[in-house]
Amino acid sequence: MTQYLDFEKPLSEIEGKAEELRAMARSDAKMDVEKEAAALDKKAKDILAGLYKGLTPWQKAQVARHASRPHCKDYIEALFTEFTPLAGDRNFADDHAVMGGLGRLGDRAVMVIGHEKGHDTRTRIERNFGMARPEGYRKAIRLMEMADRFGLPVVTLIDTPGAYPGKGAEERGQSEAIARSTQACLRLGVPLVSVVIGEGGSGGAVAFATANRVAMLEHSIYSVISPEGCASILWKDAEKMREAAEALRLTAQDLHKLGVIDRIVREPLGGAHRDGKAAIAAVGKALEQMLGELSGQDRDALRDARRQKFLKMGSQGLAA
């Protein structure tokens with residue numbers, strides 16, 4: 001069943017009426033409601049197009065967090081053949097908020113790493129809602145170093161509210177693990193490409209996304225802090241999250257203009273949660289294009305380009 005966001009209420013009423021008509025027809029074979037239902041479907045599609053044509057930054061944040069969006073596990077299962085998961089940081093534990101392993105994207109062997117939020121209550125708790133602990137970042141470092149050793153490109157899929165801020169994580173060196181993971185990205189002598197598929201939250205996202213190419217899905221977000229967190233700090237009121245979302249410039253469109261990301265991956269009408277297969281296929285195509293752009297570059301060129309890319313951030317689009 002479709003889960004509607006707050007701003008989709010007009011759409012939910014129209015689609016609900018269409019479904020009611022079809023339910024009546026299923027219970028009475030003599031009823032012919034297809035013409036009326038089709039008219040409602042067209043009206044719903046027009047409303048959907050209108051709603052998603054002018055989403056505010058806060059509405060985009062809601063779409064990026066939609067529980068039915070495809071998650072890292074879905075992308076891995078659909079895009080990467082011969083996937084072999086690799087677990088553990090060889091020091092403390094295996095963090096289930098971070099997935100990683102070897103696989104093939106088309107005919108190219110790669111190392112894929114990503115945040116996994118989970119799909120239901122049990123898996124969300126198991127995955128810690130995509131919030132990685134230090135051992136998750138240390139696992140990622142281990143896999144990146146392995147990829148570098150064997151000359152394999154690295155693909156990262158970003159979808160996290162941020163790194164886990166719990167007491168145990170801090171005791172085990174959360175900030176150091178994030179910094180080391182970011183450093184590992186910068187040191188790689190192989191292509192590194194990243195896609196923000198939902199939320200790109202704070203250093204927890206940057207630790208995987210310090211890449212040669214960074215893409216974002218059309219309705220994903222990428223920011224140093226959540227709108228609610230920003231509002232709590234600036235205005236002492238989390239309810240001002242709409243104003244915070246505007247100020248943070250966290251949308252794919254703003255970040256592309258600012259030069260923080262390299263490309264925007266179009267989502268199906270109504271967001272990735274309405275057509276997961278199409279969204280996954282679009283991300284797969286973008287990954288292959290980005291890896292193709294980097295193919296054949298030597299190790300020093302890849303490292304230097306990546307470093308220069310991040311040194312230049314903030315130098316364009318600020319007056320827009």
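The model is predicted, so local features need pLDDT of at least 70 and side-chain atom pairs count only at pLDDT 80 or more, while totals for chains, interfaces and linings use all residues. Residues are numbered from 1 along each chain as its sequence is written, and side-chain values use heavy atoms, with hydrogens and water left out.

The chain first. There are 14 helices and eight strands, these being DSSP runs numbered from the N terminus (helices H or I, at least four residues; strands E, at least two). The radius of gyration is 21 Å, close to the 20 Å of the globule rule for 320 residues, so the chain is as compact as a globular protein of that length. That radius is taken over C-alpha atoms, and the rule is 2.2 Å times the number of residues to the power 0.38. Along its principal axes the C-alpha trace spans about 70 × 50 × 40 Å.

Of the 320 residues, 49% are buried, meaning under 20% relative accessible area with a 1.4 Å probe, protein chains only. Among contacts (heavy atoms within 4.5 Å) between residues at least 6 apart in sequence, 72% join residues at least 24 apart.

Now the helix pair. How far apart are the axes of H4 and H13? For H4, residues 72-79, and H13, residues 276-294, the axes lie 10 Å apart, at an angle of about 70°. Axes are lines fitted to C-alpha atoms over the stretch in contact, and angles run from 0 to 180 degrees between N-to-C directions. H4 and H13 are therefore roughly perpendicular (65 to 115 degrees). Asp74, Tyr75, Ala78 and Leu79 of H4 meet Ala279, Ile280, Val283, Gly284 and Leu287 of H13.

Technical notes. Parallel < 35°, antiparallel > 145°, perpendicular 65-115°, else oblique. Buried < 20%, exposed > 50% of the residue type's maximum accessible area, 1.4 Å probe, protein only.
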